[in-house]
Structures are given as structure tokens and as C-alpha cells.
There are 2 protein chains.
Amino acid sequence: MLASNLSDIFARKLNSYAALTPAELAALETVRGPRTLIEADKEIIYEGQAGHSAYILCSGWACSYKRLADGTRHIIEIQMPGDILGLRSVMLPSANLTFEALTEIEVMKIRTDRLLDAFKAAPRLAGAILWVASRDDAMMVEHLVSICGRDAMQRTVHLLLELWTRARLVGLGNADGFECPLSQSVVADALGMTAIHLNRVLRQLREAGLLVFRDGHVHFQDQERLSEIAGFDFGYLQR
Amino acid sequence: MLASNLSDIFARKLNSYAALTPAELAALETVRGPRTLIEADKEIIYEGQAGHSAYILCSGWACSYKRLADGTRHIIEIQMPGDILGLRSVMLPSANLTFEALTEIEVMKIRTDRLLDAFKAAPRLAGAILWVASRDDAMMVEHLVSICGRDAMQRTVHLLLELWTRARLVGLGNADGFECPLSQSVVADALGMTAIHLNRVLRQLREAGLLVFRDGHVHFQDQERLSEIAGFDFGYLQR
DNA sequence: CGCGCTCTTGACTAGGGTCAAGTGCAGTGG
DNA sequence: CCACTGCACTTGACCCTAGTCAAGAGCGCG
């Protein structure tokens, strides 16, 4: 593919919606802002922040979360390279979520003020971005359904299968697993359960020979059964 | 306010984002599609439907839900007059949710093909629509957090306060309650709990003199304490 | 060497689900 | 006018999933 200054990984992702023409890639270039390196555990956007920007995550993993009064953290989504941070709250008076780096990350600011011009120049770009936003939305729906309707094991498997699928779409991971730099407590907060219980579930999965999550790597051993357990449907992630 | 052919209630809602000029209202007119009356319990958009439209809900209440393999229904959001149905899935290959009328409703089809033109003519309209979409998004985040982090009573109160606030924004409801044509089983499915347990919670609320939900009407008796219980923050619903 | 992570495991508890039965309408038909 | 049916709502008794509390293991780091 074309070497793009933007962020290869982001261009690659939009490409998976529809192959972008050189003109469209050029339009994409115009929204490019400065790149920044951010170390793990630092915030990129914080809840309540007014007038924040949106960012493309170029490398590393991040998450968005909300903290309740009692201090518990609720992770809304986990982002990996190619994902957009904060796009859906730029229109709100202030950010409704905190975005935090889970590993060392590199982000690129999006010139949201130039986005409309870019859309005029390359309308299909608007389609591609909207598709990304809709996909994020579908993911959130899936998480909501997960938490209400699936038990701890189904939820766990569902999330790991989703992360794997997403990772492969941006060229991370392979046919039987992916590098997953998330601690159990992060995964637990994303699943709405305690790290202790997640740990029990992971042990069961390991002992049943279904999957192994260890040392920052997830290895799927019986993909057939896992998809069955989770009721996982790849549809909402693909074009 | 100006009498608009579009849907007074929708114009009024966008107005609460920023007062629309006559030119902007005129642009809004161009996306107008046919109106339809739909009886209660009928589907407007079904999961898996390809190439569906988006609609403005002009009157009545609706909801979007997803059904799991075991038949349980999970309501993602409840829509009232002025809300948009299916906007966020028009970009997906097929709808990821089913939209169903909860009462008799009237909907107006949105000519999504003309939406981009309308945005060119009146850019602030794009802002207003995006704001609505972001607000829906923030609501979904709030539900996700609710279900993970709040217990049955907090969740229940939170949802009822949210519905009340939204109802008042479009001119329904008053200072101490609102007409709520939802059955307990619908509310329960939206809260991720059983109708039986919701019923118990409602009884406790009634006996504690906090709120009464009966005969399609919600009456708040102690708004101060209810907001406290739910940890309710109106912020995400307002401009 | 000891501090502070994340991960692991066990024992106990409770919130909310399940099952079951019953109440109180509104609508229908005799 | 009154049975009969169906649906939404109520309430009780019981149970199970996942949370809480507590303790310990393994490991990187100053």
C-alpha cells in the first residue's frame, strides 16, 4: 500500500472499508495534526475537559473509562492502533469519558476543524469515518448486551474474540492469537466484573483447553467452541 | 416558534442545541421523507436488515433492542418524540438492532441521501445532528456504567430521572413527573434485570415515599434524595 | 532485601435470578 | 349481566453467580 505520512495503520483501517484513492489519501493528509508520545498510565483526555481534540492512536493500547462516586472504574472501550480517541465527544460541551494510555502510545491530533473541508474534497472519506464511528457504536451495543445477558465466561470469551478480530484487522495478531498488553484488572473493568472472578474464569478456560491468556499473550486453542460459548458474530466488526 | 412542516418536535430539539435560523429550518425541510403511522408492537427496522432508512420519531414511544440466542431481549435505548431511529446503523452493512414501536407512533423517514447537501447549505445543522448523535452516545455510556456499577435501585432511579429529563426537553412531562407508557417488563429489559425484581424495587421506592410509577405515570416525590441515590448528573443530556 | 505490583486461590456472603402462585383489570362472547 | 381469557403486575420461597474479604505466590525494581 501507499506510504502515507498520516498513519499507515489508520489509512489501512479506512481502506478496509473501501479502497481509498490517492486523492482521498491526500485529503486525509490535510487533517493531520502533531504527533505525540505518551507514556503508560497518562491521561490523553479527561472527563469534564472542555474543547478537547480527537486523536488517532498510532501505536500502543489505550482505553476510555468513567469513574463512579465510589471510585470504581468502568472501562467503556479498549482502543488499539488505528482507533480514534474522543471523536464522539468533541460535539459535547465537555468530554464524558477519560482516555488513558494503557501502554506507551503514540497519538496524532486530528484537525477536526479541517475535517469538513476534507469531506467536501473526498466525500467517501466521510463515509469511511462514519463507518468507523458506527462500528464503535455497534461494539458498545455488543458490550451492553454482553454485560446484561451473558454470564462471566461468555463475556470474557466474547471480549477476547472481539479484540482478536480487531487486532487482526489492523495487522496485529495471527491465526491463533494476539499480543494483549492488558492486565487482568483492566480486562475485568471492561467486563464489569472483579479481577478475582476474571482470574477464576481464565483458569477454567485454561483447564478446559479452550484458551490461554498469559504473559501478555492470548492463545486460542479451540476457536470453534469458543465462538459457540460466546455467541460471537463477527458481522458487526466487518464491512 | 416557527411552525415547521418537518416535525415541530424535532426542530424544537435541535433548537435546544442552538437556535436555528429560518434558512437552517428550510434546509432541514429538504431531508423530509414521507410520514407513516405505525401501531404498537410493530417493527420499524429489524436486526440484519440491509439498507434501511433512518427515521424521526414524531409521536409515541419506541425502543431499540437486540435478542440473544436464548430469546432474552435487551433494550439498548428507549426513544421518545424528537429522537432519531437507526441513524447510527445506516453506515453498517445491516442494522445491528431491531427498532420497535412501544405505543402507536408516527415516524418520518429521513432522506439520508440529501443530508450531506443540507449540511453544505447549513453547516450548523451538521453540528446539531452530531450533537444529537453524541448525546445518544453519552446516554449509552451512562447505561453501560449503570449496569456495571450501580445496583438495581440506583439503576432504576437513574433511568427514570433520565427519561424525565429527556421528556421535559421536548415539552413532555412537568415539574414533578411525566407520562410513561412503558410496561414494567420493558423498563426491566432496558435495565438488564427481571420484571419481577424491578417490581420489588418500585415497591421499595413507593414505600419509601420517593417515587410512584403507576398507571403509565411517574411521579417524583423527593427529587433531591432520588438524584443522590442514582448519582444522577444531568450534564450529559444538556447543551 | 524489602516494597509493591499482578496474579492466584479459598471461604463466606448477598444481590438478584428462578420458579410458582395469585391478584386485578380490560376485553369478548354468551 | 356475568363467565372466561389474557395480560400486567405482585408477592413469596429458594438458589446460584459473582462479589468481598483474606492470604499467599511470583516477580521486577530501587
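1. Basis of the model. The model is predicted: local features need pLDDT of at least 70, side-chain atom pairs count only at pLDDT 80 or more, and totals for chains, interfaces and linings use all residues. Residues are numbered from 1 along each chain as its sequence is written, while chains are lettered from A and ligands numbered from 1 in the order in which they are written.

2. Relation of the two chains.

3. The interface between the chains. Chain B places 33 residues in contact with 33 residues of chain A, contact meaning that the C-beta atoms of two residues, placed from the backbone, lie within 7 Å. On the side of chain B that touches chain A, β5 (73-79) and α4 (123-149) of chain B each supply at least two residues. Here helices (H or I, at least four residues) and strands (E, at least two) are DSSP runs, numbered from the N terminus. The largest share of this side, 15 residues, belongs to α4(B). By class, the side of chain B that touches chain A holds 19 nonpolar, 10 polar and 4 charged residues; Ala, Val, Leu, Ile, Met, Phe, Trp, Tyr, Cys and Pro count as nonpolar, Asp, Glu, Lys and Arg as charged, and the others, Gly among them, as polar.

4. Surroundings of DNA strand C. DNA strand C is surrounded by 15 residues, the closest being Gln184(A), Asp151(B), Ala152(B), Met193(B) and His197(B); a residue is near a strand if its C-beta atom, placed from the backbone, lies within 6 Å of it. Two or more residues come from each of α6 (184-191) and α7 (195-207) of chain A and α7 (195-207) of chain B. The most, 6 residues, come from α7(A). The surface near DNA strand C comprises 6 nonpolar, 6 polar and 3 charged residues.

5. Surroundings of DNA strand D. Around DNA strand D there are 16 residues, of which Asp151(A), Met193(A), His197(A), Ser183(B) and Gln184(B) come nearest. For the surface near DNA strand D, α7(B) gives the most, with 6 residues. This surface divides into 6 nonpolar, 6 polar and 4 charged residues.
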